[in-house]
Amino acid sequence: MRCTCCESSHLFDVLCLEGVPVFCNVLCETVEDARAFPRHDIRLVMCRECGHLYNAAFDPAQVEYSGTYENALHFSSVFREYQARLIEELVERDGVRGKHIVELGCGDASFLSALCEKGANTGIGYDPAFDPARATIPNPDRVTVRRELFTPATAAGQRIDVVCCRHVLEHIDTPNTWLKGVRDSVARATRPADTLLFFEVPNAAYMLRALAIWDLIYEHCNYFMPRAMARAFQRAGFRVDRTDEVYSGQFLTLRAHLAPANAPAAIEPRSTEDESNETLSHQFGSACREKISQWRSRFGGWGKSGKRVVLWGAGTKGVMLLNLADADRAAVGVVDLNPRKHGHFIAGTGQPILSPGELASVKPDVVIVVNPVYEAEIRRDLASRGHSPEVVLA
């Protein structure tokens, strides 16, 4: 077994989770479909050479992305504010104004549309799972979406000023090969040396520091920390300009350009940061097993006392908390702001996904906030609807 980023065999096991849902963001139409959802294992390993974390048990045959995949976050005002600041930064600091943008894995194209509108840009989004029935592009004069993969043949002769890719790389089981393919594609465009690459992924350094066990999901086969991500891009032929931890540390962004074709890769050396991350990784497995055990006890206690528990957040964190903590006895539903999720059910455990307005009929005793970044927003929403449950952070 070799590292999927640098091919080193110097690996060590971090944590194993058996039988987790292979998707957290696929919408289940019925309780029966949800409870019969396919499962597989996570075997999280770390590379001592480059610092990369990945799921060594990942099987790409288990995951097939389609129009039922739903992970949009922009229904939250907190996320919209973050996205607006990010777009402002790209336009004003990075000069993404009057440019032509290509977005890889554009989802519903909401980010691409907003970036094109703000900076008077044009853009093409590539995403085989794009579903036009569930997404309306507000500025079709500036933005188009192609339900296909971006390839060197696609890029040849195109003007590509910016390549944007958000929350896609963590899903790619061969990141080194895929990034080299992105480099080859950009190299075939016009003026490739000037092309800015902007990538965003979940931040594995935050996951280790915060013991964010609910961030481990099967569809994410990679978990990038700043220096490990920079090394992956450098090996693929890019010059990394900067990496930043953003969104309260939960996301990691990277900006890069193509390195000269014949220049040797300038790989970042190991540092005290790498040693610290390796130490945290060694501690992560046992600490997370203890955290799961504690949450199982909490749900068991709520179930015995007859308390009605609702989670707020039907994304990855909520799905994994329910599945890992045996929450069936107490958790009666999951609230989410995304209307496209309402009326569906949680993969693996089968709780219904509710709108905030449906809390009036549920009358929860406990509301679990699965992501602390949304705590203030959720408390305001509960208060505005006249609810006063116990609020617990996961």
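Setting aside neighbours within four places in sequence, Tyr206 is in contact (heavy atoms within 4.5 Å) with Leu211, Ala212, Asp215, Ser248, Gly249, Gln250 and Pro372. Tyr206 sits in helix 6 (residues 204–210), where helices are DSSP runs of H or I with at least four residues and strands are E runs of at least two, both numbered from the N terminus. This is a predicted model, so to speak: local features need pLDDT of at least 70, side-chain atom pairs count only at pLDDT 80 or more, and totals for chains, interfaces and linings use all residues. Residues are numbered from 1 along each chain as its sequence is written, and side-chain values use heavy atoms, with hydrogens and water left out.

- Tyr206 counts as buried at 13% relative accessibility; buried means under 20% relative accessible area, exposed over 50%, and partly exposed in between, with a 1.4 Å probe and protein chains only.
- Tyr206 and Phe251 are 45 residues apart in sequence, yet their C-alpha atoms are 8.2 Å apart in space.
- Ser185, in helix 5 (residues 175–187), is buried as well, with a relative accessible area of 1%.
- Beyond its neighbours within four places in sequence, Ser185 is in contact with Phe150, Thr151, Pro152 and Ala155.

- Seven strands make an open sheet in the order 6-5-4-7-8-11-10, with mixed pairing; two strands pair if DSSP finds at least two bridges between them.
- Strand 6 and strand 10 (238–246) are at the edges with a single partner strand each, so one side of each has no neighbour in the sheet.
- On average, neighbouring strands of this sheet are turned by 20° against each other, direction ignored; axes are lines fitted to C-alpha atoms, for helices over the stretch in contact, and angles run from 0 to 180 degrees between N-to-C directions.
- Strand 8 (residues 196–202) and strand 11 (residues 251–258) run antiparallel and are joined by six bridges.
- Phe199 has Leu254 as its bridge partner in strand 11.

**Helices against the sheet**

- Helix 2 packs on the sheet and touches strand 7, strand 8, strand 10 and strand 11, its direction making about 20° with that of strand 11.
- Helix 7 lies across strand 8, strand 10 and strand 11, and runs at about 155° to strand 10.
- Helix 3 (residues 110–118) has Phe111, Leu112, Ser113, Leu115 and Cys116 as its buried residues.
- Those buried residues of helix 3 pack against helix 2 (77–92), strand 4 (100–104), strand 5 (122–126), strand 6 (143–146) and strand 7 (162–166).
- After helix 3 comes Ala120, with a positive phi near 50°.

**Cavities**

- Searching the whole structure turns up two cavities of 30 Å³ or more; a cavity is a set of points on a 1 Å grid over the protein atoms alone where a 1.4 Å probe fits but cannot get out, and lining residues have an atom within 4 Å of a point.
- The largest cavity holds about 60 Å³ of space, a volume being the space filled by probe spheres set on grid points joined across faces, edges and corners.
- Among the residues lining the largest cavity are Cys24, Glu70, Lys341 and Phe345.
- The second largest cavity holds about 40 Å³, and its lining consists of Met46, Gly51, Met225, Arg227, Ala228, Arg270, Asp274 and Asn277.
- Helix 7 (226–235) and helix 8 (272–305) are the elements that give two or more residues to the lining of the second largest cavity.

How values were computed:
On a 1 Å grid over the protein atoms alone, a cavity is a set of points where a 1.4 Å probe fits but cannot get out, and a pocket is an open set with protein on both sides within 12 Å along at least five of seven lines; lining residues have an atom within 4 Å of a point.
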